[in-house]
Amino acid sequence: MPVRSSSSAFRCALVWFWLSVACTPPALAVVPGLIADINPIPADAEFGEAIQVGNRVYFAASSDCTGLELWVSDGTPAGTRMVKDIRPGSASGLGQQSAAMTAFGDLLLFFADDGIHGLELWRSDGTEAGTVMIKDVYPGPVAGVGPFGGFASVSSTAVLNGVVYFNGRTPTHGRELWRTDGTEAGTIMVRDIFPGSGDASPRGFTVMGGSLYFAASPSTATGFELFRSDGTAAGTTMVVDINPATNQSGHSGQMIAIGSTLFFPGTTGASGRELWRSDGTAAGTSLVLDINPGAADGLGSNPWAPLGGILHFAASTPANGWELWRSDGTAAGTFMVLDIDPGTASGLSSSGTRLYAAQDYLVFGATAPGTGREPWRSDGTAAGTFMLRDIAPGAGSGWSSIGLGLAVGNTVYFGASEPATGDELWRTDGSMAGTVLVRDLFPGSGDSRPGALAALDGHVLFQGWSDVYGRSLWRSNGTAAGTTLLANPEPATMNATPEVLTVSGNRLFFRANDGVTGAELWVSDGSAAGTRLTRDIGPSLGSPGPASLHPFGGGVLFSHSELTAVNRELWKSDGSLAGTTLVRDINPGGSGSSPAGFVTMGGIAYFSATTAANGRELWRSDGTEAGTVMVADLVPGSGSSNPQELFVLGNTLYFSATDGVHGFELWRSDGTAAGTSMVKDIQPGAGNSAPQFMAAMSGVLYFSARTAANGFELWRSDGTEAGTWLVRDIQPGPNDGDPYAMTAIGNVLYFAASEDDIGYGLWRSDGTTAGTTRVLEIDGGTANELWTLREMAGALYFFNMPSDTGTQLWRSDGTPAGTTLIRDFPGDEPWYPLDAAVFDGELWFQGRDDLHGYELWRSDGTPAGTRLASDAMRPGRCSAFPYEPVPMAGRLYFGAFGAGSGYELWSVAGERIFASGFE
């Protein structure tokens, strides 16, 4: 046997090594890299309502990826945490308007939606395991508890004798009065006030003297009136029909109990909306005083406050406007405290004045002559009602528009704004000298815009924005030193939102927002140092930024505006500051030309643009001002041909346009006015055939077009009138076959099309009528959609979105047997993959599963090889939502959310290694 030389053995071993590497399946996951945190400004957490239960405060807050969920705090950073992600992922488990948080012994009862059962009644002991749904009042995904119909401003629950009352809903009884003892068996309807499936919609629950009071509608003829209940069906009755003989409501649901008197705004045709009182009986329910005599309203929708057993509120008269009033429940004891802005002007507002009650005084915002809205106080007397401090001197308003106010003992905390410090947290002890700034949370003139949550152990818990933490949870004892960060639920930065990712040469151009310049054009070579803003073109942070990015000459062409959102013109960039310039001001003045639809043919860019003289027409540009000219004025004068669907095939530009006579039809151009002409009037006369979804196969143009006889169907054209004809009437007659998403692979054109009895399916065509056939019926129903058709290794990949399930990934070789479902992603409704890219020999796209949310997925075309690419950006059920994957120079770039970074630019490297050059 011959003996191998050592060099031959080495070469052989090396070959076997490379072959083993090339044949080894790729790793199950990759590690994406954050290119740069383009927008480093701290992100804002969102906060909702709060309530104290025992020695803890429960509140709604959003974290980096959870949406509004239930949190708890004992007043320390270590004891402040999310209780449970009730609706896993970025959706909110707690309602945006009201979670109806209710203290129930040492438990919290609240409304929540887990994404399966709809908004229902839950309870929590502060632990994840002890946070559970009490009962699915309305079985299935429909909400079974309120608030309903936008009545979040009135109380949604109340506790009476160890039972919680609330507005419950079932398909049989509608929205009615329910009660719960915290158990499923003890959660029952009290009474069907509006018999049958009609809605009584009880709201404004208030307890007084051992009875529950609320507003409800017993019939369409009665409207909302005052009810009372002892918790039994027999003991649930209407107190009085305040507005009789009409279906107009007498009671809105806003009410307050002070001692044995229930105060509420009652409405009648004779007196309008005025102050009423009730002792719980019909005889004891009456108008207190017609403050604004006649049918005009004396009361608005202002909250009110009790002080020393007296009701204080805002009311209006023609002589005095909206001012501070008080009432002891009698006509004589109901009077204006002080005309703060003398005469007919209003010191208070009709709907925005909130009164915050300390132990012996009220704090509220009011306007007096010479001042804007400033903090005022009142003890219920004229002498004891005065401005605490003119925080924004002169006509400026110091009282914060946020309306923060919270009493802690005899101290009231509120938001106020002065020029030097911005909108910050203030406090008062009811005196002028004791009205001071607590802390400038956002140093300088920036606004922290504080919002109150709750009081705990003599401290105030509030939300505020800082330049370091964004909107977070803070705790204060009323001093600057004692105002400290309690929790930052969302320790992330704001979103740069990279979009319109466009590769030109070996660089990536895209639109992004760094939080300072607004949305602008950025460029990246894939490194942090090489990722930079090209130029700050737009006028403000609110600018919509560059659009229609198009690779051209190693850089990009795009539209942008220097002045306003509509002042869009043609720009170009080579990635540098000096090389990012206006190409031509096509439509001088404020309206802009709004160039769009860019394509390149023969080194020249073609697009549509608008001028005052010629309307919207076809233009061309070589990247210079002189070389940017209109191709042809198809509708002479200021009329518009509105070129659309620009598509290049060889040396011919095809597009859809109208000449003002024939409607939107198929046109062609060689780039000159003389060489621009209509190919065919497919829908004769002024009607539109509206050619769209253009694709090329074997030198022939394919597209969807409409005729009155055939609807939208598949057409083809060789650029001549005679060579432009209907391929097949897929849905015979005038109904639409609606072909779209056309993709050519070799000599086969694939597309999605619809048949009425089948829905959208995958079709193929060789360009002949007989050769245009349905490949496979993808979905058994008629409500589905096919999207994102991509070729990979000679096969077609596409996504199917059924109407009632998650999205599906399919593969096809053009035959029924070879068209197979690769993966059915979970979900009760479809989601759009947005885009997909072929990279590193695989298909990369946004996929979903129940454990990871929406993340980056990859597929080699087999079920086993279709798997999660990475969950590293936002681990667990938090979704990264990868978007617009674009390959460039051995890496895949995309936008995605990252834990701590917000929505930024990411990339992954290819993994496959191929051996070559061996003997």
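A residue is called buried when its relative accessible area is under 20%, exposed when that area is over 50%, and partly exposed in between (1.4 Å probe, protein chains only).

The model is predicted: local features need pLDDT of at least 70, side-chain atom pairs count only at pLDDT 80 or more, and totals for chains, interfaces and linings use all residues. Residues are numbered from 1 along each chain as its sequence is written, and side-chain values use heavy atoms, with hydrogens and water left out.

**Overall make-up**

The protein has 1 helix and 72 strands; these are DSSP runs numbered from the N terminus, with helices (H or I) of at least four residues and strands (E) of at least two. Its C-alpha atoms fill a box of roughly 105 × 85 × 60 Å along the principal axes. Of the 919 residues, 54% are buried. A contact means heavy atoms within 4.5 Å. Among contacts between residues at least 6 apart in sequence, 47% join residues at least 24 apart. The accessible surface comes to about 35000 Å², and carbon and sulfur atoms account for 55% of it, as given by the Shrake-Rupley method with a 1.4 Å probe.

**Salt bridges**

A salt bridge is a side-chain nitrogen of Lys or Arg within 4 Å of a carboxyl oxygen of Asp or Glu. The structure holds 8 of them, including those in the table.

| Salt bridge | N to O distance |
|---|---|
| Arginine 790 and aspartate 835 | 2.5 Å |
| Glutamate 842 and arginine 867 | 2.7 Å |
| Aspartate 850 and arginine 848 | 3.2 Å |

Arginine 790 and aspartate 835 meet through their side chains.

The side chains of glutamate 842 and arginine 867 form another salt bridge. This pair links distant parts of the chain, with glutamate 842 in strand β67 (residues 842-849) and arginine 867 in strand β69 (residues 866-870), 25 residues apart.

Aspartate 850 pairs with arginine 848. Arginine 848 is buried, with a relative accessible area of 17%. Salt bridges that share partners also join Glu842, Arg858 and Arg867 into one network.
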